[in-house]
Amino acid sequence: MNPLEFIKKYKIISVIRAEDEALALSFAEACIAGGLRLIEVTFSFPGAEGVINRLSEREGILVGAGTVLDIDMADRAREAGARFLVSPHTDEALIHFAKANDMAVIQGAFTSSEIVRAWKLGADMVKIFPVSAVGGPSYVKAMKEPLPQIEIMTTGGVGLDNLADFLGAGASAVGLSSALTGKGGVIDPETITSNARLFAEKLEEIILA
């Protein structure tokens, strides 16, 4: 299964943001323990490459890099073992880099024009963020109706109560961070594992419905 197929199958991406490598690794391991298989380690803290490298050796999960802003970050992520790249913006050079290195690439966009541009440049999936600011699932549905061929990922405002709505509106994947840690963003492994398990169970319920 290639990276894009893996993302489309397992759908829930745990977005790992933390103050340091040890906390990030604890966050990621707690998500995996709860049954989530997609891990996005953001390039927003020192040691992100180390976390990617450690997790890239695990069986049954797919690890990627998030907040990838330039080719230097992308190359560091690739060397660490990342299989997909996520950016908050659209960058043609990053798309070409990912394609050349057999990595899935998810690029950020907001308006219909931006979404179509990212897709035409070759993005495998387009991330709408923050989707909660523009109506959540209803915005995804509005974009997917004229653009059904474009794979959409959403982050910002996705929770247990609306996961089914986002997927039903046409999102191929969703990114979670604060929904896993809980309010305050404290990295408590027990809480994160419990929340991750609830999301994994909810996803299975949605798929089987």
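1. A quick word on terms before the notes: a residue is called exposed when its relative accessible area is over 50%. Asp-102 comes in at 62%, so it counts as exposed. Keep in mind that this is a predicted model.

2. Staying with Asp-102, have a look at its backbone: phi is positive, about 55°, although the residue is not a glycine. You'll find Asp-102 in the loop between helix 5 (92–100) and strand 5 (104–109).

3. Lys-11 sits in the loop between helix 1 (3–10) and strand 1 (12–16).

4. Next, the peptide bond between Phe-129 and Pro-130: it is cis, with omega about -10°. Pro-130 belongs to the loop that runs between strand 6 (125–128) and helix 7 (137–144). Most peptide bonds are trans.

5. On to charges. The structure has nine salt bridges. One of them pairs Glu-29 with Arg-58, where the closest N and O atoms are 2.5 Å apart. This pair ties together distant parts of the chain, 29 residues apart: Glu-29 is in helix 2 (residues 21–33), while Arg-58 is in the loop between helix 3 (48–56) and strand 3 (62–66). Glu-29 is partly exposed at 31% relative accessibility, and Arg-58 is partly exposed at 33%.

6. Asp-124 and Lys-99 form another salt bridge, with 2.7 Å between the closest N and O atoms. Here too distant parts of the chain are linked, 25 residues apart, with Asp-124 in the loop between helix 6 (112–121) and strand 6 and Lys-99 in helix 5. What about burial? Asp-124 has 16% relative accessibility, so it counts as buried, whereas Lys-99, at 41%, is partly exposed.

7. Last one: Glu-49, Asp-72 and Arg-76 are joined in a network of salt bridges. Side chains of opposite charge can pair when their charged atoms come close.

Notes:
Residues are numbered from 1 along each chain as its sequence is written. This is a predicted model: local features need pLDDT of at least 70, side-chain atom pairs count only at pLDDT 80 or more; totals for chains, interfaces and linings use all residues. Side-chain values use heavy atoms; hydrogens and water are left out. Helices (H or I, at least four residues) and strands (E, at least two) are DSSP runs, numbered from the N terminus. Buried means under 20% relative accessible area, exposed over 50%, partly exposed in between (1.4 Å probe, protein chains only). A salt bridge is a side-chain nitrogen of Lys or Arg within 4 Å of a carboxyl oxygen of Asp or Glu.
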